[in-house]
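Hi,

Here is the structure I promised to send over.

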Amino acid sequence: MPATAKPAAREAAPRAPNDLQPYWMPFTANRQFKAHPRLLVAAQGLHYTSIDGRQVLDGTAGLWCCNAGHAHPRIVAAIQAQAAEMDYAPAFQMGHPKAFELAARVAALAPGDLDHVFFTNSGSEAVDTALKIAIAYHRMRGEGTRTRLIGRERGYHGVGFGGMSVGGIANNRKFFGPLLSGVDHLPHTYDRAKQAFSRGEPEWGAHLADELERIVALHDASTIAAVIVEPVACSTGVLVPPKGYLRRLREICSKHGILLIFDEVITGFGRLGTNFAVDYFGVMPDLVTAAKGITSGTVPMGAVIVRKGIYDTFMTGPDYAIELFHGYTYSGHPLACAAGLAALEVYAEEGLFEKVRALAPYWEEAAHSLKGLPHVIDIRNIGLIAAIELEPIAGQAGKRAFDAFLSAYQQGLLIRTTGDIIALSPPFTVGKREVDEIFGRLAAVLKETR
Ligand code: PXG
């Protein structure tokens with residue numbers, strides 16, 4: 001850009017306050033949006049209010065995060081009170097009580113000896129933190145050659161260089177150069193011919209975990225720090241793990257001294273009807289990443305939960321020395337901690353995870369009732385998550401689902417799409433009536449979709 005560009009821009013006519021141009025929107029078709037904006041101005045319970053005053057049923061809990069529903073009075077009050085009491089406290093070499101309290105609550109919710117919590121501000125930061133802890137852990141133990149990271153095709157672990165590198169979605173990787181070196185990928189677990197219209201965990205595919213043995217044989221276990229997977233791969237369009245797959249992955253990791261990281265940014269805090277996917281599948285990883293539901297999406301926050309042995313490995317050397325050279329200005333931000341404490345209280349007192357568990361069979365039935373509608377080539381579900389995969393329009397990948405998204409929004413339903421897959425993940429406060437409403441409206445949309 002020429003050096004003169006700035007002054008010239010300053011002389012330009014002042015922008016209208018509602019100019020949509022300056023904001024470069026994330027993961028958005030900016031030109032399409034700015035030509036046909038979809039602005040939300042309020043949210044209450046299960047509904048957004050659009051700028052034109054319509055009620056929009058939230059079929060996606062925002063972006064898989066507003067688990068307790070919108071504007072829950074307990075969470076709102078906690079954030080307001082915290083902002084007035086103490087806005088911020090330095091995160092390094094200082095602390096504040098709510099960060100310790102929230103860490104203790106999260107550790108208590110997590111199973112087994114997953115009992116130390118490192119706070120971040122997003123899922124992406126949680127993933128990069130977990131990868132760094134894994135590599136540093138091996139070095140602390142005198143196995144500094146273990147630096148390789150193994151992700152999985154179609155995985156989504158956020159957009160930091162670490163998460164992008166272990167992730168497996170081509171569009172999220174191909175624009176950004178060589179990424180981290182020393183990364184390899186397991187195959188994804190989806191085969192439509194073998195799994196289409198499975199309810200919950202597919203029967204076929206556990207053997208795909210054995211691909212880790214091939215990767216270990218190729219690189220040697222002494223070079224591998226960690227394997228990271230989403231227990232349920234959500235962003236790519238909801239790939240539920242085949243029965244027995246995660247257990248096999250765990251066994252192979254243990255056999256070779258490789259750390260297993262479960263990325264629970266979406267599945268953590270009740271999405272499957274259990275505290276974590278760890279509980280749902282009964283498979284114990286070494287580290288868990290979380291975000292989103294930890295504050296019910298109200299204040300940005302992420303977390304890495306690690307097993308005791310990992311934390312203890314770092315607690316050596318002189319006691320005045322920093323043990324892990326890593327952290328964020330806003331790690332354990334007071335507003336996020338207040339929101340997190342309130343969200344966890346709401347989850348417990350209103351029995352929201354149990355509610356998910358009780359509603360899941362009804363949800364499954366409702367989702368699979370769309371089988372047979374135009375273009376539907378697969379339906380997948382687990383917990384309070386469902387995906388409807390559409391046959392793409394030839395040469396226009398993603399267009400059919402995007403059109404369905406626009407049409408659903410017009411009809412008062414918020415859904416998510418990735419490629420030609422529609423994903424649904426409402427707040428846990430939905431009842432059968434709203435489940436019927438979600439799938440009823442979606443069925444009407446699909447019948448009209450060309
Ligand atoms: N890991 C997983 C498993 C995720 O799902 C991240 C990491 C990154 O989190 P942050 O907070 O940095 O965005 C995610 C985020 C969608 C969608 O509709 C999914 C995510 C974010 C936005 C949209 O699939 N997942």
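Below is what I found, starting with how to read it.

This is a predicted model, where local features need pLDDT of at least 70, side-chain atom pairs count only at pLDDT 80 or more, and totals for chains, interfaces and linings use all residues. Residues are numbered from 1 along each chain as its sequence is written.

**The core.** The largest nonpolar core has 126 residues; such a core is a set of buried Ala, Val, Leu, Ile, Met, Phe, Trp, Tyr and Cys residues joined through C-beta atoms within 7 Å. Buried means that 20 or more other C-beta atoms lie within 10 Å of the residue's own, with C-beta atoms placed from the backbone. Ala-134, Val-227, Leu-287, Ala-303 and Ile-305 touch the most other members. Helix 14 (residues 334-349) contributes the most, 11 residues; helices are DSSP runs (H or I, at least four residues) and strands likewise (E, at least two), numbered from the N terminus. Domain 1 (5-68 + 351-448) and domain 2 (75-349) both give residues to this core, so it lies between them; the domain bounds come from an automatic or database domain assignment.

**The ligand.** The ligand is surrounded by 18 residues, each with its C-beta atom, placed from the backbone, within 6 Å of the molecule. The closest are Gly-123, Ser-124, Gly-158, Ser-235 and Val-265. Helix 6 gives the most to this shell, with three residues. Both domain 1 and domain 2 give residues to the shell, so it lies between them.

How values were computed
Buried ≥ 20, exposed ≤ 12 C-beta atoms within 10 Å, placed from the backbone.
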